[in-house]
Amino acid sequence: MFVKAANWLTHLEYDWESPVSSPLLQRLAERSRLIRYDSRGNGLSDRDVQEIALGGFVRDLEAVTDASKVPPFAILGISQADGIAIAYAVAHPEMVTKLILYGGYPVGRNKRGSADEADKARVFLSLLRRDWGDPHSVFMRAFSSVFIPNGSPEQIKWLAELQRKTTAPENAARIRNACDDIDVTELLPMIQVPTLVLHSRHDNVVPLERGQSLAASIRNARFVSL
């Protein structure tokens with residue numbers, strides 16, 4: 001059984017129609033029970049929330065697993081959801097059988113001590129607030145070129161529609177900023193469960209070395225480059 005930690009952005013219903021995410025979800029659901037959810041501020045979850053931060057994201061995962069009364073399970077974390085999965089696994093080792101971390105990082109852009117990284121985060125948020133959900137905007141061209149390079153018109157149109165359906169621009173910016181504030185480096189040596197770290201060699205969002213650093217900091221983790 002898999003529990004997929006919620007990442008930025010998700011929509012429980014619309015994701016199944018996605019030419020980007022649906023194939024993965026279908027493959028996972030074919031092979032085992034798949035539990036997924038929309039975290040606070042986006043998708044079908046409450047949009048008007050005070051706290052948007054790592055602690056709140058972890059509590060969302062705790063609430064879902066408690067309500068589902070699931071037996072011990074594997075957690076799949078993608079991108080910034082890696083931090084959520086790691087924090088949950090350290091807090092609840094008895095509930096986690098395995099960690100699968102894909103395309104993630106231990107430290108967000110705002111916490112890396114790099115003026116260039118922090119500046120990139122600010123520029124991204126500025127464009128996001130102005131052009132959210134507009135398939136013809138500069139933001140969407142930049143966003144799609146990074147997240148789905150060589151994406152088809154259908155995929156780019158879906159991505160813009162996902163943005164409009166999932167949350168408002170200000171919420172999207174708050175969630176993105178919270179992801180840039182993630183720092184789970186101190187938790188990595190505490191992970192007790194078997195961990196698989198997957199990372200694309202040509203990831204335009206999170207460089208390969210971030211995934212390698214993540215795996216190197218987790219005892220007996222297996223790293224696979226794609």
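Trainee: Where is the place of Lys-69?
Mentor: Lys-69 sits in the loop between α2 and β3. Helices (H or I, at least four residues) and strands (E, at least two) are DSSP runs, numbered from the N terminus.

Trainee: Before I go on, what kind of model is this?
Mentor: This is a predicted model, in which local features need pLDDT of at least 70 and side-chain atom pairs count only at pLDDT 80 or more, while totals for chains, interfaces and linings use all residues. Residues are numbered from 1 along each chain as its sequence is written, and side-chain values use heavy atoms, with hydrogens and water left out.

Trainee: Back to Lys-69. What is its phi near?
Mentor: Phi is near 50° for Lys-69, a positive value in a residue other than glycine. Most residues other than glycine have a negative phi.

Trainee: Buried or exposed, Lys-69?
Mentor: Lys-69 counts as exposed because its relative accessibility is 70%. Buried means under 20% relative accessible area, exposed over 50%, and partly exposed in between (1.4 Å probe, protein chains only).

Trainee: And what about the phi of Asn-220?
Mentor: Asn-220 is not a glycine, yet has a positive phi of about 60°. Asn-220 lies in the loop between α8 (208-216) and β6 (222-225), and counts as exposed at 73% relative accessibility.

Trainee: Which peptide bond is cis?
Mentor: The one from Trp-8 to Leu-9, with omega near 5°. Leu-9 is in the loop between β1 (2-4) and α1 (22-31). Most peptide bonds are trans.

Trainee: Switching to the sheet. What is the strand order?
Mentor: The order is β2-β1-β3-β4-β5-β6, an open sheet of 6 strands with parallel pairing. The edge strands are β2 (34-35) and β6, each pairing on one side only. Two strands pair if DSSP finds at least two bridges between them.

Trainee: How many bridges between β3 and β4?
Mentor: β3 (residues 73-78) and β4 (residues 96-102) pair in the parallel sense over 6 bridges. Phe-73 stands opposite Val-96 in β4, and Ile-75 has Leu-99 in β4 as its bridge partner. On to β5 (residues 195-199): 4 bridges join this strand to β4, again parallel, with Tyr-102 opposite Leu-198.

Trainee: What do β3, α3 and β4 make?
Mentor: A right-handed β-α-β unit. Right-handed here means that, with the strands pointing away from the viewer, the path from the first strand over the helix to the second runs clockwise.

Trainee: Which residues of α2 meet α3?
Mentor: Leu-54, Phe-57, Val-58, Leu-61, Glu-62 and Thr-65 in α2 meet Gly-83, Ile-84, Ala-87 and Tyr-88 in α3 (contact means heavy atoms within 4.5 Å).

Trainee: What does Ile-84 touch?
Mentor: Ala-5, Ala-6, Tyr-37, Leu-54, Phe-57, Val-58 and Leu-61, leaving out residues up to four places away in sequence.

Trainee: Last topic: which residues touch the most other members of the largest nonpolar core?
Mentor: Trp-8, Ile-75, Ile-84, Ile-86, Leu-99, Leu-101 and Leu-128, out of 57 residues in that core. Helix α3 (residues 81-91) gives the largest share, 7 residues. A second, separate core has 8 residues, including Leu-28, Leu-76, Ile-78 and Ile-100. A nonpolar core is a set of buried Ala, Val, Leu, Ile, Met, Phe, Trp, Tyr and Cys residues joined through side-chain atoms within 4.5 Å.
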